[in-house]
Amino acid sequence: MPNYSWPPMDQRKVMGKRISRTDGVVKASGRAKYASDLNRPGMLYAALLSCPYAHAKVRSVDTAEASKMPGVKAIRVVSPAGTEIQWAMTEVAVVAAETEAQAKDAVRKIKVDYEVLTDHVVEDVEVAKVGARAKPSGEQVTGDVDAAFKESDVVSEGWYGIPVLTHCCLEPHGQVIEWKGEKMEYWPSTQNVSGLAGDLGRSLQFPAANITVHMDHVGGGFGSKFNSDRWGMECAQLSKESGRPVKWFLDRAHEVVIAGVRPSAYAKIKLGAKKDGTILAWESESWASGGFAPSGMPPIPYVFGNPGSGIPNRRMKHLGVSLNTAPQRAWRAPNHPQASFLTCSALDDLAAKLNMDPLELFLKNLKYTPRPETYEKQFKKAAELAEWKKLWKPRGEQKGAIRRGLGIGINQWAGAGHASTCRVKIHPDSSVEVELGSQDLGVGTRTVIGQVAAETFGLPMSAIKVKIGENAYPSSGASGGSTTVGGVCSSTRKASVNALEKLYAAVAESLGAPADQLEAVDGRIQVKGNAAKAMPWKAACQKLGVNSITAEGENVPKQAAREGLNSAGAAGVQIADVTVDTETGVVKLNRLVAVQDCGLVVNPKLAESQVYGACIMSICGALMEERIMDEITGRVLNADMEFYKLAGIKDIGEIVVHMDIAPEHDKRGVIGLGEPPAVGGVAAIANAVSNAAGVRVPTVPATPDRVLNALARRNA
Amino acid sequence: MQAFEYASPATLKEALSLLGTKWGEADVLAGGTDLISLMKDYVHTPKRVVNIKGLKELGGISKTAAGLRIGAAATVDELLSSPLVRTEYPSLVQAARGITSPQIRNMGTVGGDLCQRPRCWYFRQGYGLLGMKDGMSLVEKGENKYHAIFSSGPAKFVSPSSFGPALIALGAKVKLASASGTREVEAAKFFVAPTSADARETALLPNEILTEIVIPAAAGVKNATYEVRHKEALDWPLATASVALKMKGASVGSAHVVLGHVAPTPYVAAEAAKMLEGKSITEDVAEQAGAAAVAAARPLSDNAYKVQLAKVAVKRALLAAAGKA
Amino acid sequence: MSFEQDPDVQKKGFSRRGLLKGIGVTSGVGLLEKGAEAQTTANVQGPGEVPITLNLNGKPVKVAVEPRTTLLDALRDKLDMTGAKRVCDRGTCGACTVIVDGKAMYACTMLAIDAQGRKIRTIESLAAGANPHPMVKAFVNHDAQQCGYCTPGFVMAATNFVERSATASLTEDQVKDGLGGNLCRCGTYMGIRKAVVEAAKEMKGARNA
């Protein structure tokens with residue numbers, strides 16, 4: 001069997017280098033074509049009519065007048081008479097017309113009669129108010145919790161909450177579909193190029209083999225774009241009925257409301273500890289909602305609840321809350337940011353109660369985590385970068401109006417590579433093609449694939465043509481769970497090595513050495529270690545005659561750890577430094593330090609971008625964004641980008657990223673990096689705010705009203 | 001957006017002749033930063049849009065005998081680049097800087113800032129200017145953290161104007177033209193708290209166009225605006241205060257204190273102004289003025305925090321005006 | 001009916017139907033009730049499609065639009081210039097930023113018919129390929145993009161900011177003030193700050209040279 005293992009760290013020439021993303025210019029110059037940018041000949045535009053009520057029954061849908069409107073070519077009723085609608089902005093009917101304006105005009109002529117049901121529940125911050133919508137989902141007990149609390153010198157209690165967020169992808173969900181008889185062309189905005197034809201085919205009872213999926217670029221997904229969705233299915237039907245290509249992308253309001261949300265998490269947490277900070281007991285009552293289907297318990301106690309070695313005595317009760325709101329979708333590290341926030345907040349409050357430096361308290365309890373040594377090293381590095389010793393002051397010690405505070409957050413994530421098959425072609429003209437049915441969610445998938453292939457072939461990046469974004473290419477997993485880079489790099493490595501073996505076989509005779517004694521370096525095929533017995537890459541390829549080499553390589557998750565190309569298990573910590581204006585409640589982020597372990601780093605420049613982005617997303621979650629529901633109308637009040645607040649370029653302070661690139665991590669192979677740094681930032685910032693304000697601000701985002709209310713409660 | 005006919009008149013006279021007599025017939029387009037969104041959301045469905053942006057009569061910023069004349073169609077960017085404004089009216093400059101999007105500053109006009117509609121989410125979602133459903137105030141019963149803390153009538157939205165408070169504090173007047181003539185209205189009277197959903201939040205009539213703003217010379221008048229902002233990027237302030245102080249030596253001769261984003265109109269805090277008379281601005285005096293300014297506040301269920309913000313805004317605006325920030 | 005046979009299908013933006021319907025520069029008589037009208041010679045157009053000419057990236061471009069069509073939708077749907085993106089569609093996020101008469105503006109919040117007679121520059125006017133515009137190049141150098149959907153808008157806002165700045169040596173703080181009208185969801189601001197500082201040196205340097 002060929003040796004697939006990564007070249008030694010110190011011998012890599014392309015991998016591990018700060019190479020700019022290869023599709024950078026085409027994207028930054030606006031030339032890149034996203035699915036939403038496509039204009040097909042004869043294309044129709046779809047517009048959606050949705051239900052304004054959070055709970056209603058459809059009595060009738062009358063499309064007669066709409067169908068006579070100018071330009072209308074097809075109308076689909078998505079929620080026919082009898083449908084019970086469980087959240088506002090549920091799709092009711094969709095119109096395809098010559099222009100978008102005509103489609104929207106026609107939508108306004110559709111008459112829907114609803115039986116409005118007024119029993120909707122849309123808010124879960126106060127669990128007492130949701131009544132029977134909260135359903136117990138089990139109790140977990142470990143050890144003797146009551147005894148442990150008795151044994152504790154200090155008991156700290158608090159309650160914490162993190163609301164529903166919406167993905168708010170900048171490119172909305174949607175697609176262009178052209179259904180022509182037995183064939184269908186499908187241009188979606190997706191995280192799942194290889195899987196989408198099967199998904200759409202299943203819902204349409206149409207052979208997936210006849211669906212061609214194309215997607216060169218996707219404008220954000222964050223976990224919300226794995227499926228073809230109702231809009232995919234109905235777009236296909238509109239195309240079938242009109243005989244025309246149809247474009248349907250959600251408008252911003254629908255994108256914010258129905259195209260994916262992250263579940264909330266609330267918890268009352270009680271911690272018992274010894275005077276020295278050693279935690280003995282954890283008790284929590286949590287609740288969460290991700291829409292009409294209740295959401296499960298976040299993994300608390302987070303990190304410190306490691307199976308087998310975590311906090312020894314714990315009792316957790318959870319309630320899943322069903323709301324009349326649109327369903328949750330996966331969000332960058334599902335349930336981890338919530339769990340990290342709940343856990344780190346409780347630990348921080350315990351430290352305050354003990355009059356202890358929270359950094360010491362976290363360090364003291366690292367034995368409960370899966371990787372005590374790694375976290376210890378990371379905390380020390382982060383503390384150094386955040387100037388913890390110089391800047392940290394005990395909670396409540398500051399008296400001025402403007403106060404500075406520091407706080408800690410922690411993360412863990414698996415991130416092993418997903419199943420992926422890569423096909424490599426070496427052509428007699430010396431060109432190389434690398435094909436995968438993968439996608440670039442923004443991490444730079446094309447670039448890292450190219451780096452791996454170039455490294456393996458001893459060629460420059462420019463010699464490799466990377467082709468992704470078509471389901472005609474070999475299947476690769478969906479981009480979720482930080483699995484893509486590990487998956488595609490491993491399959492590309494294996495396919496490239498396999499292709500190279502074939503090339504060696506073709507040139508071995510000419511070089512007068514057995515194929516297994518050859519290597520590819522610096523644009524040559526040569527006898528190992530002997531540049532004198534070499535043949536330029538081009539000449540080697542000419543030996544192929546008229547036949548190209550085609551070779552495949554597969555990353556099989558179960559085998560991956562054994563092969564060493566990729567593995568699971570990232571760890572990281574974050575320290576936030578904020579200033580709180582206690583007169584206005586306005587919080588400014590001064591600095592967010594992220595120390596992240598991530599195994600073998602294929603491209604430090606792109607890896608750092610992931611961490612920067614994750615930190616900024618955390619800043620948004622900690623200080624700005626929240627879905628705001630109206631109890632009376634049952635509607636989302638901030639279904640826009642004006643009051644659904646995202647940080648701008650001036651709102652983020654400084655971000656310091658330390659990638660823990662070291663031989664001991666490198667040998668673990670590639671580990672995904674999209675999610676882990678998106679986990680601990682909210683916790684770190686929330687703790688920093690409480691440290692500065694001198695009082696726990698129990699729910700995030702720490703907006704001026706929440707900060708001032710917390711201060712007022714303390715002073716009351 | 002509902003289809004409309006589009007008029008691009010060459011003169012103010014023509015423009016006025018193209019307006020309707022009732023609201024909803026014709027809308028006036030200048031910078032468009034509010035109107036286009038209102039039309040996209042079907043909050044406004046005019047039959048005609050009259051573009052006044054290019055009208056010469058409405059442009060420019062100049063010094064006149066009466067003070068500073070700002071054409072209603074002058075953009076926020078033009079205002080910021082005007083040396084005339086920069087030297088005498090820091091409160092306008094600070095208010096303009098609070099519009100943190102260069103694109104909005106480049107498009108949006110000063111007149112448009114005064115005429116823009118409230119951002120109240122119930123209004124924008126189609127529940128009318130007062131945000132009512134089945135005879136009930138959604139604002140009072142629902143989510144009101146960005147709403148008014150001063151309101152005696154049914155309107156609970158906040159005036160979104162950035163310049164209104166500063167202009168009132170500076171004693172500005174606005175000119176409103178119609179086919180039958182021109183009238184001049186004090187800035188303070190331009191803003192009106194509507195008592196019905198059909199009413200509007202300014203004195204402007206459907207057949208009128210706001211043509212210019214005239215601000216008295218402010219040499220020797222210390223003035224400043226302070227905005228409490230959640231975000232630095234484009235965002236609405238949570239509360240603002242504009243102050244103008246006519247000094248008598250080291251102490252205040254007369255003062256104007258006007259709050260923004262706290263009431264359906266800019267809120268004139270007469271008590272605060274009165275208590276400042278004869279005092280020199282110290283941290284304590286500024287603090288007391290802030291307290292006086294919000295003494296009559298009646299917050300809704302979720303916005304008591306805005307009382308504090310308004311108080312602090314007044315304090316900080318006064319200290320800034322006095323050069324003590 | 002397949003779309004090849006459909007008589008309504010014409011090349012987008014130049015449909016015969018649209019042109020016939022839209023031509024009609026009427027003379028002050030329109031949709032408003034009588035009494036609201038006065039004698040005037042003002043141009044009143046629409047509500048159907050109206051032929052307009054846009055000065056786009058230095059070239060006159062003819063297109064037929066309804067008065068309600070935004071500049072952004074005209075660019076994207078009628079002219080296949082899709083570098084400007086439609087994201088918030090309410091003048092908040094900046095993904096649609098174009099430069100009009102030398103100033104950055106939101107194309108989603110401007111009517112195409114109102115953009116007549118003004119010099120419009122879109123992202124397509126910036127060089128791409130092997131020798132990209134300095135701002136594009138700097139965005140790539142500093143990896144100031146991830147999904148890339150906000151990026152063309154940022155590049156245009158940043159280009160205009162630098163062009164209107166007095167100096168070539170911008171600080172990151174100045175850049176923060178200059179780009180308050182754009183939003184990114186992936187979180188690329190750190191790279192953008194550095195990119196704009198770097199691009200300013202090259203853009204201004206080139207001008208001075």
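Residues are numbered from 1 along each chain as its sequence is written, and chains are lettered from A and ligands numbered from 1 in the order in which they are written. Because the model is predicted, local features need pLDDT of at least 70 and side-chain atom pairs count only at pLDDT 80 or more, whereas totals for chains, interfaces and linings use all residues.

Chain B contains 14 helices and 14 strands (DSSP runs numbered from the N terminus, helices being H or I with at least four residues and strands E with at least two). The C-alpha trace of chain B spans about 55 × 50 × 35 Å along its principal axes. Of the 325 residues, 62% count as buried (20 or more other C-beta atoms within 10 Å of the residue's own; 12 or fewer is exposed, in between is partly exposed, and C-beta atoms are placed from the backbone). Among contacts in chain B with a separation of 6 or more, 64% come from residues 24 or more positions apart (a contact requires C-beta atoms, placed from the backbone, to lie within 7 Å).

Strand β3 (residues 48–51) of chain B is joined to β2(B) by four bridges, and the two run parallel. Strand β1 (residues 5–7) of chain B also pairs with β3(B) in the parallel sense, over three bridges (pairing requires at least two DSSP bridges between the strands). In β3(B), B:V50 stands opposite B:A7 and opposite B:V28, while B:V49 is the bridge partner of B:D27. The chain passes from β2(B) through helix α2 (residues 35–40) of chain B to β3(B) in a right-handed β-α-β crossover (with the strands pointing away from the viewer, the path from the first strand over the helix to the second runs clockwise).

In a regular strand the side chains alternate between the two faces of the sheet. In β2 (residues 26–29) of chain B, B:A26 and B:V28 point one way and B:D27 and B:L29 the other, and all are buried. In β3(B), B:R48 and B:V50 point one way and B:V49 and B:N51 the other, and again all are buried.

A five-stranded open sheet of chain B has the order β4-β5-β10-β8-β9, with antiparallel pairing. β4 (61–64) and β9 (181–186) of chain B stand at the edges with a single partner strand each, so one side of each is left without a neighbour in the sheet. β4(B) pairs with strand β5 (residues 67–71) of chain B over four bridges in the antiparallel sense, and B:S62 has B:R69 in β5(B) as its bridge partner.

The contact between chains A and B takes 25 residues from chain A and 20 residues from chain B. On the chain A side, helix α19 (residues 704–715) gives the most, with four residues. The residues of this side divide into 10 nonpolar, seven polar and eight charged (Ala, Val, Leu, Ile, Met, Phe, Trp, Tyr, Cys and Pro count as nonpolar, Asp, Glu, Lys and Arg as charged, and the others, Gly among them, as polar).

Between chains C and A, 51 residues of chain C are in contact with 51 residues of chain A.

How values were computed: Contact = placed C-beta atoms within 7 Å.
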